[in-house]
Amino acid sequence: LLAILPVIGVGIWLGTAAALNRDKFIDQVARVMSIIGWSLPTFVLGIWLLVIFYGWLGWFQPGRISTRYLVQIAGSTSGFTNYTKMLSIDALLNGRFDIFVDAIKHLVLPVMTLAVVQSAQIMRVMRSSLLDALGKDYVRTARSKGLAERTVSLKHARRNALIPVITLSGFVLIGLINGVVITETIFNFPGLGQWAAAAATNLDYAAVMGFALFTATMVVVANLLVDVLYGIVDPRIRYE
């Protein structure tokens, strides 16, 4: 859930900046970053991040939470209540800001890994879609009416360019919520993907069927969100 916002936000921002500065320095940098990010396997990037930020610098750790807090939470007299089973949210609900900070620190590297890889694809789609929109007749008409370039690019062209990006973001949302097995395994994070892989390995048929049902539900929900966003971004779709 925490990876969705940086993945989509960074991808749209970089794609917009690259399209509005076509063939300039920022466009070249963004294109190189997208190629590297999309070509780099998650298990390679994840291991590099572990070596740098955990092995060398010691800033972040793998896992879900530090051992000292894990012992406190597991204790019967700790008074810590797991409302949602998400440590960051439960820590805030219990007023334990120290646990909240520690849980967020353990999420930095997995979120960074997913953001670098997934946002590269969204950036490429956003750039090509916005370049196509900037060449349309309605954009030239808006410019001829004397509208500011920022208004033409961001209000008129980018809204139409977001349609394919929204479609792609729906698939990214499904993949992230269903769990990313490789990323969770590298950082020893007990996520849904790691649990589903363990269930399949152990031939836990009930768990596998439950995961399949959850995945199907998320596909329906994501497609519904995509359809709603279509109408918000492009009012013409609501009229149809």
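Let's start in the middle of things: the largest nonpolar core has 32 residues, and Ile122, Met126, Leu130, Leu162 and Leu176 are the ones that touch the most other members. A nonpolar core here is a set of buried Ala, Val, Leu, Ile, Met, Phe, Trp, Tyr and Cys residues joined through side-chain atoms within 4.5 Å. Buried means under 20% relative accessible area, exposed means over 50%, and partly exposed is in between (1.4 Å probe, protein chains only). Which helices build this core? At least two residues each come from α1 (4-20), α6 (97-134), α7 (137-144), α8 (149-177) and α11 (205-233), and α8 gives the most, with 11 residues. Helices are DSSP runs (H or I, at least four residues), numbered from the N terminus.

Before going on, keep in mind that this is a predicted model, where local features need pLDDT of at least 70, side-chain atom pairs count only at pLDDT 80 or more, and totals for chains, interfaces and linings use all residues. Residues are numbered from 1 along each chain as its sequence is written, and side-chain values use heavy atoms, with hydrogens and water left out.

Now zoom in on Ile122. Setting aside neighbours within four places in sequence, Ile122 is in contact (heavy atoms within 4.5 Å) with Val7, Ile8, Gly11, Ile12, Val165, Leu168, Ser169 and Val172.

Phe53 is worth a stop. With 18% relative accessibility, Phe53 counts as buried, and Phe60 is buried too. There are two aromatic pairs in the structure. Rings of Phe, Tyr and Trp (its six-membered ring) pair if their centres lie within 6.5 Å; planes under 30 degrees apart count as stacked, over 60 as edge-to-face and the rest as tilted. Phe53 and Trp59 have ring centres 6.0 Å apart and planes at 45°, so this pair is tilted. For Phe53 and Phe60, the centres are 6.1 Å apart and the planes are at 55°, so that pair is tilted as well. Together, Phe53, Trp59 and Phe60 form one aromatic cluster.

Next, take a look at Ile52. Ile52 sits in helix α3 (residues 42-56) and is partly exposed, with a relative accessible area of 34%.

Is Ser88 buried or exposed? Ser88 counts as buried because its relative accessibility is 13%. Not counting residues up to four places away in sequence, Ser88 touches Phe100, Ala103 and Ile104.
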